[in-house]
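Here are my notes on the model. Please read them with the structure open.

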Amino acid sequence: MHGRAIPLNSAENSERMSDNAAIPKVDWNVDPAVWVDEHGDFLFRFALFRLRDETAAEDAVQEALLSAIQSLNSYGGKSTERTWLTGILKHKIIDHYRKSSKQIQFTDEDTDLSGAERLFERPDQWDGHWGNSFRPVDPEQSPEEVVERGDFWNVINGCMSALPMRVANVFTLREIDGLTSEEICAALGLSASNFWVIMHRARLQLRRCVEIKWFRKAL
Amino acid sequence: MKEANLKFTRFNNWVWRNLPGCREIVKIVTASMDGRLSWREWVLMKVHLFSCDSCVNFLKQVTFIRTALRHSEEKLDRENSDIRLSDESRRRLKEKLRFES
């Protein structure tokens with residue numbers, strides 16, 4: 001992963017960028033307090049979904065807005081203000097994950113795959129294959145058909161919050177924020193094999209939950 | 001046609017009996033979503049998926065969830081629009097920002 005190290009601290013990163021004369025410095029007569037009114041709730045929800053703690057979410061938003069003030073010069077208006085602020089917030093959230101994963105190691109519960117074992121237990125010669133009542137059903141829909149439906153997102157929300165906190169963190173970074181495996185391992189100090197077990201666990205549990213609450217009901 | 005079906009069933013039986021079962025295959029399927037597979041894993045996955053509808057559905061479901069989540073940002077946000085900063089927090093944030101800038 002040469003040259004693709006994840007910029008964890010965007011303020012540092014943008015200071016480096018502002019040394020670069022090619023990026024025009026914009027005189028922004030912005031009142032950052034306006035950000036609070038325009039994007040505050042959005043950023044708070046973004047952080048709360050990922051941190052599941054109101055105080056931590058509020059702190060992350062505050063830190064992000066403060067770094068945004070520091071790096072105003074580097075914001076060339078290429079993306080919308082909200083996208084720019086969200087980008088900074090993402091880094092603050094990863095910082096938070098990293099700090100908390102230093103304090104609390106991943107537990108056995110996080111890497112426990114035994115919950116899924118029973119899906120593959122069979123009394124007959126086909127032990128190790130899907131049990132008769134657990135066979136996955138065909139979704140028979142396209143994701144595009146459901147993304148506009150509020151009840152689908154309720155199911156996703158419910159199923160995501162049933163995941164252990166740290167499992168959900170890793171899963172969100174990968175599947176919602178679209179970071180690569182290498183980026184996540186580097187940012188959180190995870191081994192490749194731990195990352196794999198956590199993702200496998202998250203996918204199995206989430207899929208099972210969504211299957212029960214959505215795929216089977218939709219049929 | 002009937003004969004072809006029988007051959008197919010025998011092939012499936014052979015795959016199920018002699019190659020890793022669904023429990024192992026779903027591990028390979030999820031691993032394939034985060035990185036490259038070894039050629040051995042890839043072949044095992046393809047052969048198994050060819051003969052197991054349940055694992056094909058598993059793959060469809062996890063891919064479905066991934067695709068939905070990848071354009072979830074604003075949707076999830078809209079769904080939770082009742083969650084807001086409290087007036088107190090809003091005031092505190094603004095004060096802090098004014099002070100710093």
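1. Start with the pair H2(B) and H4(B), where H2(B) passes H4(B) in a right-handed crossing. A crossing is right-handed if the near helix is turned clockwise from the far one by less than a right angle, and left-handed if anticlockwise. Helices (H or I, at least four residues) and strands (E, at least two) are DSSP runs, numbered from the N terminus.

2. On provenance: this is a predicted model, in which local features need pLDDT of at least 70, side-chain atom pairs count only at pLDDT 80 or more, and totals for chains, interfaces and linings use all residues. Residues are numbered from 1 along each chain as its sequence is written, while chains are lettered from A and ligands numbered from 1 in the order in which they are written.

3. The axes of H2(B) and H4(B) come within 11 Å and cross at roughly 30 degrees. Axes here are lines fitted to C-alpha atoms, for helices over the stretch in contact, with angles from 0 to 180 degrees between N-to-C directions. H2(B) and H4(B) are therefore roughly parallel (angles under 35 degrees).

4. Which residues of H2(B) and H4(B) meet? Cys22(B), Ile25(B), Val26(B), Val29(B) and Thr30(B) of H2(B) face Ser54(B), Cys55(B), Phe58(B), Leu59(B) and Val62(B) of H4(B). Contact means C-beta atoms, placed from the backbone, within 7 Å. By class, this contact has eight nonpolar, two polar and no charged residues. Ala, Val, Leu, Ile, Met, Phe, Trp, Tyr, Cys and Pro count as nonpolar, Asp, Glu, Lys and Arg as charged, and the others, Gly among them, as polar.

5. Now the interface. Chain B gives 41 residues and chain A 47 residues. On the side of chain B that touches chain A, H4(B) has the largest share, 13 residues. That side divides into 14 nonpolar, twelve polar and 15 charged residues.

6. Chain A has ten helices and zero strands. Of its 219 residues, 35% count as buried (20 or more other C-beta atoms within 10 Å of the residue's own; exposed is 12 or fewer, partly exposed in between). The buried residues of H3(A) include Ala57(A), Val61(A), Ala64(A) and Ala68(A).

7. A length check on H3(A), residues 54–70: its 17 residues at 1.5 Å each should span 24 Å, and the end C-alpha atoms are 25 Å apart, which agrees. The expected span is 1.5 Å times one less than the number of residues.

8. Finally, Lys99(A) sits in helix H4 (residues 81–103) of chain A. Lys99(A) counts as exposed because it has 9 C-beta neighbours inside 10 Å. Its C-alpha atom is 8.5 Å from that of Leu188(A), 89 residues apart along the chain.

Note on methods: Contact = placed C-beta atoms within 7 Å. Parallel < 35°, antiparallel > 145°, perpendicular 65-115°, else oblique.
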